[in-house]
Amino acid sequence: MKRAFSYFITLFLVFQVSAQFIEFGAGLGTFNYLGDLNSYPRLGQSGFGGQALYKLNFTEYATVRFSLAYGQVRGNDENPVDALAQERVHSFNQDFFELGTIAEYHFLDFRGPDTYLDWSPYVFMGFGILKLGNPDMTKAQFSELQPVIPMGLGLKKMIGKQFCLGLETGARKTFFDYLDGICDSEQIIKDYQYGDPVTNDWYFFTSISLTYVMYEIPCPFSYRPNKSLFSR
């Protein structure tokens, strides 16, 4: 975790120097889970979360953002969809941190000097590290640090010249099967498989955010002292 944090801090310092302008802000939203308990994200089992955002805008269309999110996913076997879930009667409540580096692509020029638009849809994809917050739910064969692939789409709108409102929804692909405390190696009764051995767990984040834009205003000319004042 320390190495990952150092990596993101280094990128933060390097990119800050070269960025045309930067944004920072925060967002709030809901997390939903898909896995052995839920075959689809259930709105009634949403967990709340938030994130801090730092963005580097290289062009009107391309942005790289760094995010640190804290949230919660939960689920249970209420209203089961199959007989296995009726026998299992499992529930979980997992909190976590997510550290991410994500690239955004905007379809419209909504913040250039000559544009008449103040909004744009966008897509995003990147890489993240998930830190599980409930060690009781992690078995020896699973690490509390897990890689994730964030991906999704959203909509941005400028408010004035220095605030940007964003609404997005995205999926996080994981590479392990124990986010919900259930894996395919466990069985509750003979001949009944406890988890799905084919798919890994996913979670989703739908959020609204507000960021503050800091423009870099170039100086039109370099300062030179008026030497004639000293020659008199």
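User: How many salt bridges does the structure hold?

Analyst: The predicted model holds 8 salt bridges.

User: Which residues are linked in a network of salt bridges?

Analyst: The network links K55, R65, E104, K156 and E168.

User: Let's go through it. What is the N to O distance for R65 and E104?

Analyst: The side chains of R65 and E104 meet at 2.7 Å, N to O.

User: Are R65 and E104 buried or exposed?

Analyst: Both R65 and E104 are buried.

User: And R65 with E168, how far apart are the closest N and O atoms?

Analyst: They are 2.9 Å apart in the salt bridge between R65 and E168. E168 lies in strand β7 and R65 in strand β3, so the pair ties together parts that are 103 residues apart in sequence. Both R65 and E168 are buried.

User: What about E104 and K156, how far apart are the closest N and O atoms there?

Analyst: For E104 and K156, the closest N and O atoms are 2.5 Å apart, and the two form a salt bridge. K156 lies in strand β6 (residues 145-159) and E104 in strand β4, so parts 52 residues apart in sequence are tied together by this pair. Both E104 and K156 are buried.

User: New topic. Which residues form the nonpolar patch on the surface?

Analyst: The patch is formed by I159, F163, L165, L167, I208 and L210, with about 500 Å² of accessible area together.

User: Which element gives the most to the nonpolar patch?

Analyst: That is β7, with 3 residues.

User: Where is L210 found?

Analyst: L210 is in strand β10. L210 has a relative accessible area of 41%, so L210 counts as partly exposed.

User: Last one: Q51. Is Q51 buried or exposed?

Analyst: Q51 is buried, because its relative accessible area is 6% and the cut-off for buried is under 20%. The place of Q51 is in strand β2 (residues 47-57).

User: What does Q51 touch, not counting residues up to four places away in sequence?

Analyst: With those left out, Q51 touches G25, A26, G27, S67, L68, A69, F205 and S207.

Definitions and conventions. Residues numbered from 1 in each chain as written. Predicted model: local features only at pLDDT ≥ 70, side-chain atom pairs only at ≥ 80, totals over all residues. Heavy atoms only, no water. Helix = DSSP H or I, 4+ residues; strand = E, 2+ residues; numbered from the N terminus. Buried < 20%, exposed > 50% of the residue type's maximum accessible area, 1.4 Å probe, protein only. Contact = heavy atoms within 4.5 Å. Patch = residues over 30% accessible without salt bridge, like charges linked within 9 Å, V, L, I, M, F, W, Y side chains within 5 Å. Areas by Shrake-Rupley, 256 points an atom, 1.4 Å probe, with all protein chains shown as cover. Salt bridge = Lys/Arg side-chain N within 4 Å of Asp/Glu carboxyl O.
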